[in-house]
Amino acid sequence: MTRLLRGITWDHPRGYDPLARSAPQFTAEHPDIKIEWSRRSLRDFGVQPVEILAEKFDLLVIDHPFSGRARTSGCLHDLRALFPSDFLAMLERQSVGPSTRSYDYGGLWALPTDAACQVASYRPDLLAALGIDTPPRDFDEVIDLGERARKAGQWLALPSCRSDAACLVASLSANLGKPINGDRDHLLPCDVFGMVLECLQLLISLSYPDSTGWNPIRTYDAMSEGDDIVYVPFGFGYTNYSRRGVAKPLRFTTIAGPGLDPKAGAILGGAGCAISTRCADIDAAVTYLTWLHRPTYQAGDYFQNGGQPGLRTAWTNPDLDRQAGLFFSGTLETLDKAFLRPRFDGFIHAFEHMGLLVHRWLAEGGDRAAIIRSSNEAFARARDAARA
């Protein structure tokens, strides 16, 4: 009798293809277990409640801020009780930045399947045409590049739709040495929030006009299809746009922020595989996830099938790095210095509220003080509710 596991991931080749293509290979090695993967939008990946998905699926690919909700709702298994300690220790050693511990919040709610954070990206050919040999090393050089691009009729781009606007605030505040802290009763001090908004206002004034409606995928599509966008200072990285065979490949590199260490503080992203508490075949789920998270597989077929591996073995593999257009070596320092956002139950809602306000302000203008006040009040309410 076939044992069926149903999984849900996110709708992009990086999120879907390496999992869907793994299923037949896994079943060939384990004929009694079949895996079926479905997908949801990138927006839903960031905001859709995990407890709803856990009612329908055995395996969930989740964003790590859902760890707090998983702990409160009991909808996911604590994987520390299901996997051998030596396997979990291997994942910790293999962590790309804080990826492995990002799912560890009063329990281990997922395994690090995919690693990412906000990084910078550029078109090498367009930079060269401007007479620039290397991408910016600090924030002043970012602004200088933006001004030179505008004189040439070109642009920076700043993906700043609702969710990404929130992430920009998180990255810049962390880069400035004043990160969002889940133990405080406010999102950010008013002076720090004001500094962040000033930086964003500078960037958006030099950015392609449609930037406020774009996520990173849409930004990179525009960047690789046309010749108008020279550089993106902050956006979640995707190896899909830098790999061999791309007609107009992007190059990804460390961020260049306004802080003392320009490369530090970028908000951590990535994705992890979790097991629903409604999964009827835990042994099959553990067998599959163990197979999927082998370092040899992550640095092999997982990458070759379009994935962005979650394990360090892949990120430090010179051959994979060449195939990915030097993506891994170009961004690993920023991954290792990434900012891990709060994960308490309710944080996502407060974070999204702030993102909506900042997104609207970047697109339309408005009252900075009102944004800061409302964002801090929403964070305080969420923090209070989590403590109750």
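Sorted by class, the residues around the largest cavity are five nonpolar, three polar and two charged. This is a predicted model, and the cavity in question has a volume of about 40 Å³. If you go looking for others, the count of cavities of 30 Å³ or more comes to one.

Who lines the largest cavity? The list runs T9, W10, R14, G15, L19, V61, T113, D114, A271 and Y302. Two or more of the lining residues come from each of β1 (3–10), α1 (13–20) and β4 (111–114). The top contributor is α1, which supplies three residues.

Now for the largest pocket, which holds about 470 Å³ of space. Its lining is made up of 24 residues, and the ones closest to the pocket's centre are L42, F45, D63, S163 and F236.

## A look at S22

S22 sits in helix α2, which covers residues 22–29. Is S22 buried or exposed? It counts as buried, because its relative accessibility is 0%, and the cut-off for buried is under 20%.

What does S22 touch, once you set aside its neighbours within four places in sequence? The contacts are Y288, W291, L292 and Y297. D336 is another residue you could check against S22: the two are 314 residues apart in sequence, and their C-alpha atoms lie 28 Å apart in space.

## Cysteines without partners

How many disulfides does the structure hold? The number is zero. A disulfide, after all, is a covalent bond between the sulfur atoms of two cysteines, and the working limit here is a pair of sulfur atoms within 2.5 Å.

Take C75: its closest cysteine sulfur belongs to C279 and is 13 Å away, so the two are too far apart for a bond. C279 has a closest cysteine sulfur of its own, in C273, but that one is 12 Å off and therefore also too far for a bond.

Both residues are tucked away from the surface by the accessibility rule. C75 is buried because its relative accessible area is 7%, and C279 is likewise buried, with a relative accessible area of 7%.

Conventions. Residues numbered from 1 in each chain as written. Predicted model: local features only at pLDDT ≥ 70, side-chain atom pairs only at ≥ 80, totals over all residues. Heavy atoms only, no water. Helix = DSSP H or I, 4+ residues; strand = E, 2+ residues; numbered from the N terminus. Buried < 20%, exposed > 50% of the residue type's maximum accessible area, 1.4 Å probe, protein only. Contact = heavy atoms within 4.5 Å. 1 Å grid on protein atoms, 1.4 Å probe; cavity = no way out; pocket = protein on both sides within 12 Å on 5 of 7 lines; lining within 4 Å. Points joined across faces, edges and corners; volume = space filled by probe spheres on them. Nonpolar A, V, L, I, M, F, W, Y, C, P; charged D, E, K, R; others polar.
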